[in-house]
Amino acid sequence: MHDVRTGVAVFLLLNVLAGLVRIARGPTLADRILVAQLFGTTGVTVLLLGAADQGMSALRNVALIFALLAPITVVAFVNHAFGRWTGGDS
């Protein structure tokens, strides 16, 4: 089972490398935003695979923090890229 998890982790890291190419060449800002979300979810998955392999619960905790931060960073990136959202009386 260790070999399967390692193979999946390597495959996911190769996807991240492909995402780096997409960030550099991405024709639109939406492509770059989606790749940023890919980085977050892939990072969480690789950490969870590492936690299952090594039996380290600390990696699971770090993966949980990354899972919580990934959507926040995407929202911040969109907010920065497309200007401030206006709503209400403020």
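Helix α2 is followed by Gly55, whose phi is positive, near 70°; helices (H or I, at least four residues) are DSSP runs numbered from the N terminus. The model is predicted, with local features requiring pLDDT of at least 70 and side-chain atom pairs counted only at pLDDT 80 or more, whereas totals for chains, interfaces and linings use all residues. Residues are numbered from 1 along each chain as its sequence is written, and side-chain values use heavy atoms, without hydrogens and water.

Helix α2 comprises 26 residues (29-54) and reaches 38 Å from its first C-alpha to its last. This is close to the expected 38 Å, taken as 1.5 Å times one less than the number of residues. Buried residues (under 20% relative accessible area, 1.4 Å probe, protein chains only; exposed is over 50%, partly exposed in between) of α2 include Asp31, Ile33, Val35 and Gly40. Their cover includes α1 (2-25) and α3 (57-82).

Asp31, in helix α2, counts as buried because its relative accessibility is 18%. Its side chain forms a polar contact of 3.3 Å with that of Arg22; such a contact is a pair of N or O atoms within 3.5 Å, where within protein one must be able to donate a hydrogen and the other to accept it, and residues adjacent in sequence count only if both atoms are side-chain atoms. Neighbours within four places in sequence aside, Asp31 is in contact (heavy atoms within 4.5 Å) with Arg22 and Gly26.

Leu64 lies in helix α3 and is exposed, at a relative accessible area of 51%.

Conventions: Helices (H or I, at least four residues) and strands (E, at least two) are DSSP runs, numbered from the N terminus.
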